[in-house]
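Subject: Structure handover

Hello,

Here is the structure for you to look over. My notes on what turned up follow below it.

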Amino acid sequence: SDNPALCMLDYLNNDIYGCKIPLENIDLDSFKTEANYCDELVTVKDTAGRDRSQKRYTCNGVINTDDNCLNNMNKILTSMRGMLVFTSGKYKLKIDKLESATFEFTESNILGDWTITGGSKRMIANKVVARFFDSHNRFIETLSVVSDDSFIEQDNGFTHEQQLALHFVSQPQRANILAQMHL
């Protein structure tokens, strides 16, 4: 399967080339939910500007088994904007997506003093350069550059560039979408 949630599940559980995590330590429902989300069809523009449907996220790449589990997991996670969370004794997959808030802050559930600070300039980008291996160009490493002139203008004309390595992305449209989401 090229479904990144299923690829992650296989990598976590695999005894030969993976992390050897027993299935009882994995929240299988979270992987099933996120696998279904990855397989949803979305409409994108192809290189000629025509609308076409494709799966939301796919995982297309090669695992380097000489690399450690954490690095390989992070590479797979970038293909779906995923996060692996360890909670209640189990690994849970969570994909960054638009969802409704389910918790309301009130005076009765907030204790102590709170201080909220915004991110530093190093954390906030107004230009993202995503590197991926383009299947339309014989899998040669390619760049997808996304920036927003209004963000640059708000930063007094200074460009804050961040690099994004998409090791398991092979389509320009998907790389562009992930770069825009990162921006």
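Keep in mind that the model is predicted. Ile116 sits in the loop between strand 4 (90-95) and strand 5 (127-134). Together with Phe103, Phe105, Ile110 and Trp114, Ile116 makes a nonpolar surface patch of about 620 Å². As background, nonpolar side chains in soluble globular proteins tend to be buried together.

**Overall layout**

The chain has 183 residues, and 33% of them count as buried. Its secondary structure comes to 5 helices and 7 strands. From the N terminus on, the order is α-α-β-β-α-β-β-β-β-α-β-α. Along the principal axes, the C-alpha atoms fill a box of roughly 55 × 50 × 35 Å. The accessible surface is about 11,900 Å². Carbon and sulfur atoms account for 51% of that surface. Take the contacts between residues at least 6 apart in sequence: 59% of them join residues at least 24 apart.

**The core**

The largest nonpolar core has 32 residues. Met8, Leu12, Phe31, Tyr57, Ile76, Met80 and Leu166 have the most contacts inside this core. Two or more residues each come from helix 1 (4-13), helix 2 (28-39), helix 3 (69-78), strand 4, strand 5 and helix 5 (172-182). Which element gives the largest share? Helix 1 does, with 6 residues.

Helix 1 deserves a look of its own. Of its 10 residues, 7 are buried, so helix 1 is largely enclosed by the rest of the structure. The buried ones are Pro4, Ala5, Cys7, Met8, Leu9, Tyr11 and Leu12. They pack against helix 2, helix 3, strand 3 (82-87) and strand 4. Met8 shows this at the residue level. Leaving out residues up to four places away in sequence, Met8 touches Phe31, Met73, Ile76, Leu77 and Met80.

**The N terminus**

Is Ser1 buried or exposed? At 73% relative accessibility, Ser1 is exposed. Ser1 lies in the segment before helix 1. Setting aside neighbours within four places in sequence, Ser1 is in contact with Leu6 and Cys7. Ser1 and Thr58 are 57 residues apart in sequence, yet their C-alpha atoms are 8.8 Å apart in space.

**Salt bridges**

The count comes to 8 salt bridges. Three of them are described here.

- Lys55 pairs with Asp2, and the closest N and O atoms are 3.0 Å apart. Lys55 is in strand 2 (residues 51-55) and Asp2 is in the segment before helix 1, so the pair ties together parts that are 53 residues apart in sequence. Lys55 is partly exposed, at 32% relative accessibility. Asp2 is partly exposed too, at 26%.
- Lys97 pairs with Glu34, with 2.5 Å between the closest N and O atoms. This pair links distant parts of the chain: Lys97 is in the loop between strand 4 and strand 5, while Glu34 is in helix 2, 63 residues apart. Glu34 counts as buried, because its relative accessibility is 3%.
- Lys55 also pairs with Asp39, where the closest N and O atoms are 4.0 Å apart. Here Lys55 in strand 2 is linked to Asp39 in helix 2, 16 residues apart. Asp39 is partly exposed, at 34% relative accessibility.

**Cysteines**

How many disulfides are there? The count comes to 0 disulfides. Cys59 is in no disulfide; the nearest cysteine sulfur, that of Cys7, is 4.1 Å away. Cys59 is buried, with a relative accessible area of 10%. Cys7 is among the buried residues of helix 1. Cys19 is also buried, with a relative accessible area of 17%.

Best wishes

Terms used: Residues numbered from 1 in each chain as written. Predicted model: local features only at pLDDT ≥ 70, side-chain atom pairs only at ≥ 80, totals over all residues. Heavy atoms only, no water. Patch = residues over 30% accessible without salt bridge, like charges linked within 9 Å, V, L, I, M, F, W, Y side chains within 5 Å. Areas by Shrake-Rupley, 256 points an atom, 1.4 Å probe, with all protein chains shown as cover. Salt bridge = Lys/Arg side-chain N within 4 Å of Asp/Glu carboxyl O. Helix = DSSP H or I, 4+ residues; strand = E, 2+ residues; numbered from the N terminus. Core = buried A, V, L, I, M, F, W, Y, C linked by side-chain atoms within 4.5 Å. Buried < 20%, exposed > 50% of the residue type's maximum accessible area, 1.4 Å probe, protein only. Contact = heavy atoms within 4.5 Å. Disulfide = S-S within 2.5 Å.
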